[in-house]
Amino acid sequence: MRKLLGRIGLARPVAALACALAGAGVAYLSTSHGPRGDDAVSRAVGATYELRGRVVNVGDGDTITLQTDGGQRRVRLASIDAPEVGHGEVKPGQPFGQAARKSLEAMVAGKTLTARCYEKDQYARDVCDLPGEGGHTVSWQQVDAGYAWANMARHGEYLRDASLPGIESRARDQRKGLWAQAGAVAPWEWRYQCWNHGKCPTSGATAAP
């Protein structure tokens, strides 16, 4: 009986010690060896981070490439969606896709700037606001010029600047940029209907100005 009690008495402190060591190991891994850098920062709720670099490429009306000290970073402009440029026969471009790209290029190409970023998207692009003229963001300027939509996909899940729907409405009323055409199709609808399901308008309707 004494031997049995001795074994039980020993087992309890040994188990407690093992649990304590395991907890310390988890804490060590999470604080010292967890994800570091922009990815970790961008996952924090409400957190932002900065990227500074020179604009070395403008892919379309809402996507650029920054050359930073750490290498090239693809940046998706926050809160907007510009008409798509073409990516081969399977993914034809939208009207005003090239015009939107040229508008963005005129504003930022070759400039060194600091982007305020929020997160990474599913394509590993940094989602950021770029500083523009008059205290506005470049996203605001693209919408104001009529070369981008306020991004209302998924009921506005990607919209960070709540002023943009009103700016878009004003550009639409003034028939700026892409709003000079009738029946403009939002890019998220274009990708879904045309690129994903092959239901594209006729070739004449897809020709960019």
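Cys 117 and Cys 128 form a disulfide in this predicted model, with 2.1 Å between their sulfur atoms; a disulfide here is a pair of cysteine sulfur atoms within 2.5 Å. The torsion about the S-S bond of Cys 117 and Cys 128 is about 95°, so this disulfide is right-handed. The pair links distant parts of the chain, 11 residues apart, with Cys 117 in strand β5 (residues 112–120) and Cys 128 in strand β6 (residues 126–129). Strands (E, at least two residues) and helices (H or I, at least four) are DSSP runs, numbered from the N terminus. Cys 117 counts as buried because its relative accessibility is 0%, and Cys 128 is likewise buried at 0%. Buried means under 20% relative accessible area, exposed over 50%, and partly exposed in between (1.4 Å probe, protein chains only).

The whole structure holds 2 disulfides. Cys 194 is joined to Cys 200, S to S 1.9 Å, and this link is right-handed too, with 90° about the S-S bond. Cys 194 is buried at 2% relative accessibility, whereas Cys 200, at 32%, counts as partly exposed. With bonded cysteines counted along the chain, the disulfides follow the pattern 1-2, 3-4.

Two strands pair if DSSP finds at least two bridges between them. Strands β1 (residues 49–60) and β2 (residues 63–68) pair in the antiparallel sense over 5 bridges, and Arg 54 has Gln 67 in β2 as its bridge partner.

Turning to a loop residue, Asn 151 is found between β7 (149–150) and α5 (153–156). Asn 151 counts as buried, at 6% relative accessibility. Leaving aside neighbours within four places in sequence, the contacts of Asn 151 include Arg 76, Asp 81, Tyr 158 and Trp 188, contact meaning heavy atoms within 4.5 Å.

Residues are numbered from 1 along each chain as its sequence is written, and side-chain values use heavy atoms, with hydrogens and water left out. As the model is predicted, local features need pLDDT of at least 70 and side-chain atom pairs count only at pLDDT 80 or more, while totals for chains, interfaces and linings use all residues.
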